[in-house]
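User: Please take a close look at one part of this model, the contact surfaces of a single chain. Keep it brisk.

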Amino acid sequence: MSLPSQFQNYTTGHFFDEMFSGDQQLSARAHYQQIFQRFDRLTASEISDRRQQADSSFLEHGITFTVYGDEGGTERIFPFDLIPRVIPESEWSMVENGLRQRIIAINLFLNDIYHGRKIIKDGIIPEEIVNSSKNYRPEMIGFDPPQGVYAHICGTDLIRDDKGNYLVLEDNARCPSGASYLLENREIMKRAFPQTFGGMAVRPVEAYPDTLLKTLEYLSPRKSQKPVCVLLTPGVYNSAYFEHTFLARQMGIEIVEGKDLIAIDSCIYMRTTRGLVQVDVIYRRLDDDFLDPLMFRKESMLGVSGLMDAYLKGNVALANAVGTGVADDKVTYAYVPEMIKYYLNQDPILANVPTYLCWRDSDRAHVLQNLENLVVKAANESGGYGMLIGNQSTKEEREEFARLIEAHPREYIAQPIVSLSRHPTFCEEGIAGRHVDLRPFILYGEDVEIIPGGLTRVALKKGSLVVNSSQGGGSKDTWVLKDF
Amino acid sequence: MRLYIFHRTTYSYPSAVTQSYNELRLHPLSNDWQKCISTTLSILPICRPQSYLDLNGNIVHFFELPEAHHRLLIEARSIVETISQVDFQNFPYGVNLSKLSKMEGIPECRDYLQTSTYVEINPEVWRMAVDIQDSSKDVFQTAYQVMEFIYQNFEYCKSTTTVDTHANEVLKIRRGVCQDFAHAALALCRCIGIPARYVSGYFYDSSRDQRMRGAEASHAWIEVMVGGHGWFGLDPTNNRVVDDTYVILGTGRDYRDVAPVTGSYYGPSPDGFEVTVRVKSTDD
């Protein structure tokens with residue numbers, strides 16, 4: 001008696017499918033063979049066992065996130081899908097090269113913007129774009145951040161189009177979240193499928209906390225002693241608070257809130273039960289705006305008065321540096337390929353999604369006429385907030401966005417709707433294709449280190465293109481396979 | 001073997017310098033033995049590097065920094081796929097030294113038989129070379145003996161020589177680093193008519209106890225022309241025939257042709273100079 005195949009009703013639709021090639025006749029790609037065979041044979045009870053096992057580990061570990069603007073104001077488990085996403089090494093090394101090239105160019109851009117502004121003088125990027133960016137910090141002009149690097153931790157979002165090409169969707173160069181989920185997903189997969197995992201050459205991700213700590217320590221202004229690093233969190237109500245505690249614990253450093261720190265004589269100290277301890281490096285998971293009420297938002301209760309003074313005097317390092325947001329502004333994003341050509345004299349390895357800039361008259365006219373076929377995004381929002389997906393929107397929503405675009409053209413960009421690649425995922429109707437993206441994590445300390453794979457996010461709602469956890473997305477473990 | 005190379009050079013100056021013009025030979029070559037998959041150069045202060053191919057076929061990047069600056073930072077990150085240059089079961093023995101007299105007429109070899117900036121052909125070196133050659137009549141065998149001679153009789157020592165030490169000096173004091181060992185080997189080979197060129201690059205120390213020399217820095221070795229078989233790499237610093245753990249940045253008559261970073265500027269001498277090189281295998 002043969003068991004019914006888990007994939008018998010699976011279709012790839014008109015999308016690029018990560019696991020299968022071919023429209024009519026499904027055939028698993030070479031690097032997915034083992035995964036395909038393993039999951040195809042699973043019985044319903046095995047699936048529910050493993051499901052429960054995974055869910056209970058998530059609950060035990062307290063892996064949750066908070067949704068803002070939700071009446072319940074609830075903390076939720078980040079939904080996890082058992083079928084891993086597999087990336088062959090040959091493909092990954094191309095992605096890795098592309099990411100490395102990109103982060104270097106972005107850091108050179110930030111350096112340039114806060115120093116000589118050559119790229120503006122040479123007419124590559126218009127000055128008003130930089131100056132009008134919400135996250136541009138004139139306080140940083142002329143300041144040399146420790147080791148000349150601005151964005152030490154970057155989570156670049158990649159998608160694949162209908163041909164399977166990797167495209168960069170956005171660069172999160174401020175405080176990207178998700179590394180803790182990546183690590184936990186791997187832990188859980190190893191427990192749920194020990195043999196499958198053990199039988200394949202999956203590149204490890206466990207070095208992340210260690211590499212992150214080295215990245216932070218590298219920035220320390222006091223070279224003579226072991227650096228004191230801390231993680232500065234906005235507090236328990238932040239959506240990524242779980243991640244903050246997780247990473248601090250993994251790195252073995254203190255997690256602090258603004259009220260735990262104090263500035264004395266342009267140095268930052270941490271209050272401890274044994275008195276004040278000088279802090280060298282702050283891994284801040286707090287936006288620039290809230291860092292220092294003396295310099296930025298006056299009403300911020302989350303920051304530390306005098307922090308910027310200590311920072312600008314070089315007595316404490318911040319990761320990421322202040323003012324990196326100017327590079328992950330979605331308008332600046334459109335110029336990254338030009339930055340790569342300008343600073344590195346190279347062609348970009350990873351392409352951008354074509355982007356219309358609403359402040360350009362011609363682009364705006366096109367956007368307003370084609371709202372139905374475009375995704376419109378606010379230039380300075382993240383987390384899937386403030387966006388319009390043309391073909392899934394109502395007439396009222398489109399009119400609302402048209403008004404917003406007319407009123408604040410600088411604040412909006414539009415992109416064609418990319419049919420994101422899909423990946424087999426456990427759903428109510430069995431295994432079905434769901435759209436996925438990929439957020440690799442890049443660390444830039446002494447050198448650029450990229451954790452193999454990254455966090456694969458999956459839009460669990462049928463047909464949905466929004467993968468953000470705050471908008472009903474889930475995640476998968478991502479396996480970079482050697483020998484493929 | 002797939003290797004990742006990180007090479008950083010920093011200069012800091014006691015007061016501002018201006019009109020800095022620099023050339024970099026930090027881009028690995030692509031040839032029969034290696035393929036450079038990517039190289040990314042980043043330079044601070046901000047500038048726009050451009051590139052050209054020099055007469056030796058090396059990739060050169062150049063940039064200028066007219067404005068005043070206190071610090072220059074150059075980083076190169078490369079990924080290179082290497083394959084072994086030699087079949088270790090099958091060294092290119094069998095080419096007689098008597099065939100070498102024709103080499104001078106071949107344009108590809110001519111430059112590598114002459115005196116150059118750091119290497120001199122003179123009777124004293126020739127005498128030493130003839131002693132090393134002993135009874136050997138074979139080109140590869142002789143070059144191998146030269147490598148062995150240097151490895152066994154020269155002391156690897158970091159502080160006795162400078163970047164400007166001439167091969168004659170090295171042969172006299174019998175001490176130095178990879179650059180000096182390579183220059184000495186070039187002089188000995190060229191004196192007895194073996195075309196020999198200088199190679200700048202890196203190598204990955206795959207030994208368990210990391211006992212090899214020069215892995216955490218720019219490395220240098222030589223290549224000799226074995227008629228009919230092409231160029232072969234020999235590393236006198238480690239007494240090794242060059243294999244897939246070596247990455248070639250460029251080749252030339254001597255160090256002068258392939259210095260990784262050269263340049264000029266107006267201002268005081270640097271009071272800080274630091275080089276960091278990391279070579280990692282991405283296969284494991």
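**Contact surfaces of chain B**

In chain B, 18 residues are in contact with 18 residues of chain A. Contact here means that the C-beta atoms of two residues, placed from the backbone, lie within 7 Å. This is a predicted model, in which local features need pLDDT of at least 70, side-chain atom pairs count only at pLDDT 80 or more, and totals for chains, interfaces and linings use all residues. Residues are numbered from 1 along each chain as its sequence is written, while chains are lettered from A and ligands numbered from 1 in the order in which they are written.

Start with the side of chain B that touches chain A. Two or more residues each come from β2 (34-44), β3 (50-53) and β5 of chain B. Strands are DSSP runs of E, at least two residues, and helices are runs of H or I, at least four, numbered from the N terminus. β2(B) gives the largest share, 6 residues. By type, this side holds 9 nonpolar, 5 polar and 4 charged residues. Nonpolar covers Ala, Val, Leu, Ile, Met, Phe, Trp, Tyr, Cys and Pro; charged covers Asp, Glu, Lys and Arg; the others, Gly among them, are polar.

The chain divides into domain 1 (2-83 + 259-281) and domain 2 (97-257), with bounds from an automatic or database domain assignment. Each domain of chain B puts 18 residues into their contact. On the domain 1 side, β1 (2-24), β5 (69-82) and β14 (272-281) of chain B each give two or more residues. β14(B) supplies the largest share, 4 residues. That side of domain 1 splits into 12 nonpolar, 5 polar and 1 charged.
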